[in-house]
Amino acid sequence: MKTRNLFFIALATSLAIACVMEAKTIDKKALLQRLSLTDKAHFVIGTGMTGMTGNNAVIGSTKSLVSGAAGTTYPLDSLGIPSIVLADGPAGLRIDAHRTDDTATYYCTHFPIGTLLASTWDQQLVEEVGRIMGNEVKEYGVDILLGPAVNIHRNPLNGRNFEYYSEDPLVAGKTAAAYIRGIQSNGVGTSIKHFAFNNQETNRMNTDARISQRAIREIYLKPFEIAIKEANPWTVMSSYNKINGTYTSESKDLLTTILRDEWGYQGTVMTDWFGGKDGATQVWAGNDMLQPGKSEQFSSIVENVKNGKLKITDLDRNITRILNLIEKTPRYQGYHYSNRPDLKAHAAITRQSATEGMVLLKNNGVLPIQTKASNTQITLYGCTSYDFIAGGTGSGNVNHAYVVSLLDGLKNAGYCVDNQLQKAYTQYISDCKAAEKAHLEETKKKDKQTAMLTMFLPSPRPTEMNITTKQLNQQAKTAQVAVITLGRISGEFLDRKLADFNLTKKEYQLISKVCKAYHKVGKKVIVLLNIGGPIETASWKAMPDAILCAWQAGQEGGNSVADVISGKTSPSGKLTMTWPINFTDAYSSKNFPIDKMPDLNMTNQGKTGNNEKNVDYTNYEEDIYVGYRYFDSFNKLVSYPFGYGLSYTKFSYSNAKVNNNGDIITVTVNVKNIGKTTGKEIVELYETAPNSKKLNKPAKELKAFAKTKVLKPGETEVVTLTVKTADLASFSEASSAWKIDAGIYQLLIGTSSRDIRATLSTHVKAQESPVHNVLAPQEPLNLLHR
């Protein structure tokens, strides 16, 4: 009781102090009057980046204030306005771990990649991860974390899909909103990106995304709209690409008409680093801050204000928004950051959170491993078992202190591993890396530009080591189970190759040979996928006994996998994207740059006369039929459907009900654990609209989802899902309005888009909500229709 009283006394005291310590404010009107045109033009662009002129689209960093941060704002020291610090995300804070003349280390926690977090379908968990991540942002002296990234998984080969959340806008938007709320609960900001239509890395600085107004509204802007309205990020980052002929950072339709006038956003908009072309046009469009700052942007702003083409009021408006941002930051408010976040505690949270998003794709009874760990000999195959991938490369990378490999994770859990095979793999991997390093050094001597390019791209993964049939037969006799790990890594600047989606010949042979040897003596085989995006599985998934998609789980990845394999945690993740049988089954594969090499020199990009399809421009001919909207509407077979994922237990659905009050539709369903172990279930609610001659609609669309608590065997939870009636609307290009057709709507309760457990129906009245007719394609596209 005494301790409890002391807690409330401390709480009351802290609240009283908070009330006395009022936040510092800026007199914006007075400040604007004191600034010259030169000052104003400087203030809306960044302070530049050491060694970078904007002619190279490479990752840079600033040494100012926080070493390794992506950039800073322009200071007005004489007026009491400091620079604030902007640093990369979104899998954790990206700053330098080491600093000149400083023996301390500044490591950050590498959290699970965005795709894994989304695969948890758990907004509360994502918010908690964000809260912990935001603590590191604040304690290391950073004001804005450049994330989350919410672009749609339009195609499996997008190089940055690992940073993004889903092919579905609802999953992406809700996950992003939770992430933003968590980080900003620390009093630091986020920058939701890349606004918008940044769905390929090839020629990302200049490519033109040609999209119908309907797909723009329903698919590509929807996750941004959800996250912005529900979480209010401090900043929005405009993307590199064009939309229907106009750079997004120069599009007033996008940055003002839609973002501000329609959605009501009042925060700050910044460019992606070196994004866009003309500084004055960016300011006019409503792109408040130009990062990291180029001299030609400054000149453009000054010249166009002087000649009257750019209004000084537009410039003042942008400055005011930047000042509103600075005013909220810890740096302006005088926060004394510690440079000592609790990395040990944060590692424990990332370890637990990663298990929630791992997806069990197949299980013939081998998982969880039932035998005592110390009595279980596991043989590990595949180079990635010993060289685990924490996350992708580029700005989404994190300078972490360590990565727990699968080998280390299993050892930490008490399992025995084949030491001879471990030594062979360790030596083989070391030799491969040495050979790759030597090759890079040789390339530097012959071709510096190619060498520079290689520095910023993912290092090639070693080809799989050859193991003889005799060796496999011997290993199968002594081990209880085999684990094969397949690894894939991708990142900024470069889209994945088609060969990266498919298995290599050696990978396929490894799975085949291991399964044959182990099954011959009654032993089981598990395949583990340490990947950032889907790979081909249809040709080989029948061979192993279990397949676990572990994604890229951050620095504690090996421990997290061990927790799932051992049964300490039951897998409860589900796929947030469809896994096609073949790459060409994805309709967007007809309009995607396949196996194109990047060019990091911006001055050479877009020089093909805007005539090269899928490089200089990309036609989104699939229209709204992205992911499961296409596969399910056109009855295409898939390897794994959207929303799919197994558990160590089973669940039944019963007593589904619907209530419609006109504005809100509420669905309830009883979910019961009918298995023998504890577990969580994700419930997905899809909607099927009545047949309409006016609008071409998908077979079904996700409208709500929820995750149960941990249910014990025999335990039931009543799950409630709510949908705003307005969210059933489709976008009509003919009337430039969100429209709902009157009629009977089906509500489908499922465990995936192709496993529907209950169907309800409700009548909905017609509605129409007009919006501005903007961002129209330059010419009609030959779009896909159902």
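1. Ile 243 stands opposite Thr 246 in strand E8. This pair belongs to the antiparallel pairing of E7 (residues 242–243) with E8, which is made over two bridges. As with everything below, this comes from a predicted model.

2. Strand E15 (residues 546–549) has partners of both senses. With E10 (residues 359–363), E15 runs antiparallel, and four bridges join the two. Asn 363 stands opposite Ala 546 of E15. With E14 (residues 524–530), E15 runs parallel, again joined by four bridges. Here Val 527 has Ile 547 of E15 as its bridge partner.

3. The side chains of E15 are worth checking on screen. Ala 546 and Leu 548 point one way from the strand, while Ile 547 and Cys 549 point the other way. Are these residues buried or exposed? All are buried.

4. Asp 122 deserves a separate look. The residue lies in the loop between helix H4 (114–119) and helix H5 (123–139). Asp 122 is buried yet has no salt bridge. The nearest side chain of opposite charge is that of Lys 680, 4.5 Å away, whereas a salt bridge would need a side-chain nitrogen within 4 Å of a carboxyl oxygen.

5. What does the side chain of Asp 122 have by way of polar partners? One of its polar atoms lies 3.1 Å from the backbone nitrogen of Gln 124. Leaving aside residues up to four places away in sequence, Asp 122 touches Glu 356 and Lys 707.

6. On the cysteines, the structure holds zero disulfides. Cys 515 is in no disulfide, and the nearest cysteine sulfur, that of Cys 383, is 17 Å away. For a disulfide the two sulfur atoms would have to be within 2.5 Å.

7. Is Cys 515 buried or exposed? Cys 515 counts as buried because its relative accessibility is 4%, and the limit for buried is under 20%. Cys 416, at 31% relative accessibility, counts as partly exposed.

How values were computed:
Residues numbered from 1 in each chain as written. Predicted model: local features only at pLDDT ≥ 70, side-chain atom pairs only at ≥ 80, totals over all residues. Heavy atoms only, no water. Buried < 20%, exposed > 50% of the residue type's maximum accessible area, 1.4 Å probe, protein only. Pairing = 2+ DSSP bridges. Lys, Arg positive; Asp, Glu negative; His and termini not counted. Polar contact = N/O pair within 3.5 Å; in protein donor to acceptor, adjacent residues only side chain to side chain. Contact = heavy atoms within 4.5 Å.
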